[in-house]
Amino acid sequence: MRTELCSDEGEFGRLAEQWGRLYRRCGTATPFQSHAWLHSWWLSYGTPGRLRLVLVRDGADLVAAAPLMLVRQPWPSLVPLGGSISDFGDVLIEDGERADRAAAALAEGLARAARTALIDFREVRPGGAVERLYASWRGPRRQVPDSLCLELPAVPMDDLIGRLATAKAQQRVRAKLRKLSTLGVERRAVRPDEVDAALRRLLELHRLQWQGRKVTTEHLQDRFAEHLIRSVGPMVRAGDAVVTEFRVEGTVVAVDLTLLSDRLAGGYLYGAHPQLRERKADVATMLLHACAQHTGTGTGGGAGNAAGGRRVLSLLRGNEPYKHHWRPQPVVNQRFLLARRRTAPLMSAAVCDVAARSRGKKLLDRFAGWRERGGGRP
């Protein structure tokens, strides 16, 4: 096996077909490792001269790839493409008999590419391909917890309702579904040639629904819109995403983007007209019901198709209270730090930074709890 370092944006674009074949052969891949998502992200967010793709080939076959870029702050590091708008980071390593050799070759290629930089893989879902790479790493290494995700089993909506704690809670959700039916809410997955227009409508509705409230500001930026529109069309055609419109009397009142791999389906972003809530429609229930329709059969991603369908309905990152209504399983993403002997001090600095931030968050949580109790004893 041989390794290559690609730092050319044009060459990255031309890797689409080979990357796609590798992506289908990597059972742990999520939609955030698809070529359409990563290449589009680079075009919107990348810094010229910082691209670092470490590729492993066995003959003509691409058998492993690490999509990275160089950052200088807070210390020199190679970090995954996708940034904060991607819920999961990972590498691609082909499943099967070549996997261990591919992982070892990828580790050697990364060690050469890193030079004086730390390698910092953020937001790796448990079971991700980085774990195989981590096992092959010969230098200093550390694994620390990253963001919390919440997950539900990939089951029909009736079974999700059955997970609720009480019969009364189950009755409330069924009443909400009947209310949606009474309002005449209809849903349909848009065709690939309709995706661009549907996403523009999604972003318009998203802006409208959050007007006057705290919102993720990046979702309102032009570069985010350009990335989303450029990436999702190819993903829909490949079966890695679905865009759903919700209509009332022929008018689009909500649009949802769900990302798909063979192992999971996850609602990524939606926009809903405020009038839906004014008419007592429960938007969260409407969206979960739609997302649950896509958990029966795996059609995107890697080799998980052989397992007979998706296993997880992911609520993605975040610990928002409304998600806990469905009694999800907490799953903690992992952060993998890989160093050479000369960059071990950078790894130590990163670990100390993680510990300091964790302590700071706990103090803020305690203070928030104290405030909620009216300033009583913390």
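**Exercise 1. Find the place of T295, and work out whether T295 is buried or exposed.**

*Solution.* Start with the place: T295 sits in the loop between α11 and β12 (312-317). Helices (H or I, at least four residues) and strands (E, at least two) are DSSP runs, numbered from the N terminus. Next, take the accessibility: T295 has 3% relative accessibility and therefore counts as buried. The cut-offs are under 20% relative accessible area for buried, over 50% for exposed, and partly exposed in between (1.4 Å probe, protein chains only). Then look at the neighbours: leaving out residues up to four places away in sequence, T295 touches A154, V155, A265, R310, V312 and L313. Contact here means heavy atoms within 4.5 Å. Last, the side chain of T295 reaches the backbone oxygen of A292 at 2.9 Å.

A word on what you are looking at: this is a predicted model, in which local features need pLDDT of at least 70 and side-chain atom pairs count only at pLDDT 80 or more, while totals for chains, interfaces and linings use all residues. Residues are numbered from 1 along each chain as its sequence is written, and side-chain values use heavy atoms, with hydrogens and water left out.

**Exercise 2. Describe how α7 and α11 pack.**

*Solution.* Two packed helices are described by the angle between their axes and the distance between the axes. Axes are lines fitted to C-alpha atoms, for helices over the stretch in contact, and angles run from 0 to 180 degrees between N-to-C directions. For α7 (residues 167-183) and α11 (residues 283-292), the angle is about 85° and the axes are 10 Å apart. So α7 and α11 are roughly perpendicular to each other. That label covers 65 to 115 degrees; under 35 counts as roughly parallel, over 145 as roughly antiparallel and the rest as oblique.

Now list the residues: V173, K176, L177 and L180 of α7 meet T285, M286 and H289 of α11. This contact of α7 with α11 is made up of four nonpolar residues, two polar and one charged. Ala, Val, Leu, Ile, Met, Phe, Trp, Tyr, Cys and Pro count as nonpolar, Asp, Glu, Lys and Arg as charged, and the others, Gly among them, as polar.

Finally, check the cover: eight of the ten residues of α11 are buried, including T285 and M286.

**Exercise 3. Characterise R223 and its surroundings.**

*Solution.* First, R223 belongs to helix α9 (residues 222-238). Second, its relative accessible area is 39%, so R223 is partly exposed. Third, setting aside neighbours within four places in sequence, R223 is in contact with S44, Y45 and E218. With E218, the link is a polar contact between the two side chains (2.8 Å). A polar contact is a pair of N or O atoms within 3.5 Å; within protein, one must be able to donate a hydrogen and the other to accept it, and residues adjacent in sequence count only if both atoms are side-chain atoms.

**Exercise 4. Compare the backbone and accessibility of R115 and E123.**

*Solution.* Begin with phi: R115 has a positive value of about 55° although it is not a glycine, and phi of E123, also not a glycine, is near 55°. Then place them: R115 lies in the loop between α4 (99-114) and β6 (118-124), whereas E123 is in strand β6. To finish, R115 counts as exposed at 59% relative accessibility, while E123 counts as buried at 7%.
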